[in-house]
Structures are given as structure tokens and as C-alpha cells.
Amino acid sequence: MRKRFLYLLMLMCFFKSNFSIAQSAVDANPKVYKVAVFAPLYLDSVFSYSVIRSEKSITKCIMPAVKFGQVAQIAFDTMGLYNEHVEAFIYDTKSYSQPLSWLIKNKLLDSIDLMIGAVKDIDFKQLAGFALQKNIPFI
């Protein structure tokens with residue numbers, strides 16, 4: 001009886017350790033994909049030191065970018081990633097304090113895996129040139 005108990009105990013320990021190793025091997029270092037989302041949010045025009053300047057300052061030009069951000073959030077929430085992880089970063093293309101040129105110059109976009117933008121004209125050219133140079137897909 002005692003031999004059976006020891007055998008059963010050893011067997012349980014063996015399976016427990018193998019299960020733990022298998023789980024840690026799968027979850028140890030999953031790839032984290034970094035996605036940058038660019039939209040003209042005009043946040044510097046609406047906020048001053050994290051305080052809204054005036055409710056009247058929320059103009060109609062901001063709403064398309066807000067809707068774009070909401071659609072991006074829904075897309076990220078509904079993607080079937082299967083043990084993959086995504087970090088999304090939202091950038092205001094109309095920022096005075098951190099314009100696109102500043103982000104590129106200070107290498108804040110160098111580790112991005114995918115760029116998505118609701119941009120046009122100069123912003124598009126700047127982001128497309130950077131994406132081409134760094135070989136980052138740009139949508």
C-alpha cells in the first residue's frame with residue numbers, strides 16, 4: 001500500500017512539473033505587436049494642462065478623429081489574436097507639443113510594428129516616408 005502511494009505521489013509530481021513547464025513555455029515571452037494609430041485629434045486646442053478649456057472648444061473637426069479612434073478600438077477588441085498581444089498607441093497628428101516630426105526625430109516610432117492613420121497631405125507624406133524607411137506597414 002505504501003509503495004502504491006509513493007508511486008502515485010511521484011506520478012502526480014511528474015505530471016504537475018511537466019504541465020507547469022509546458023504552460024510556462026507557451027506563455028513565457030509572447031510577441032507583443034505595437035500598433036500606432038494616427039488621427040487629427042486637436043487635443044492641444046481643446047485641453048490645457050489636462051483641463052478642458054471650454055465645452056465650446058470641442059469643435060466639429062474633432063469628431064471624425066474621435067469616431068476613427070472608436071472604430072480602431074472596436075477593431076482591436078474584436079480581433080482574434082490567439083495568444084498574441086497588441087499594444088495600441090494613439091497619436092494626435094495636430095499636436096503642437098509632440099508633432100510627427102518630433103516623434104520621428106526622438107525615435108518614439110522606431111519600435112512600431114504597424115501604423116494605421118487617418119491622415120492626408122503633409123502628415124501622410126511624412127508617415128509614409130518614415131514607414132518606407134523603417135520597413136513598417138502603413139495603412
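## Strand β1 and its partners

In this predicted model, A39 stands opposite D92, a residue of strand β4. The two strands concerned, β1 (residues 32-39) and β4 (residues 85-92), run parallel and are joined by eight bridges.

Strand β1 also pairs with strand β5 (residues 114-117), again in the parallel sense, over four bridges; within this pairing, V35 stands opposite L114 of β5.

V66 has its place in helix α3, which covers residues 63-78, and with a relative accessibility of 31% V66 counts as partly exposed.

## Aromatic pairs

The count of aromatic pairs comes to two. One of them is formed by F38 and Y91, whose rings are stacked, at 5.3 Å centre to centre and with 20 degrees between the planes. Because F38 lies in strand β1 and Y91 in strand β4, this pair ties together parts that are 53 residues apart in sequence. F38 is buried, with a relative accessible area of 0%, and Y91 is buried as well, with a value of 14%.

F124 and F138 form an aromatic pair that is tilted, with 5.8 Å from centre to centre and 35 degrees between the planes. Here F124 lies in helix α5 (residues 121-134) and F138 in the segment after α5, so the pair ties together parts that are 14 residues apart in sequence. F124 is partly exposed, with a relative accessible area of 42%, and F138, at 22% relative accessibility, also counts as partly exposed.

Key. Residues are numbered from 1 along each chain as its sequence is written. This is a predicted model: local features need pLDDT of at least 70, side-chain atom pairs count only at pLDDT 80 or more; totals for chains, interfaces and linings use all residues. Side-chain values use heavy atoms; hydrogens and water are left out. Two strands pair if DSSP finds at least two bridges between them. Buried means under 20% relative accessible area, exposed over 50%, partly exposed in between (1.4 Å probe, protein chains only). Rings of Phe, Tyr and Trp (its six-membered ring) pair if their centres lie within 6.5 Å; planes under 30 degrees apart count as stacked, over 60 as edge-to-face and the rest as tilted.
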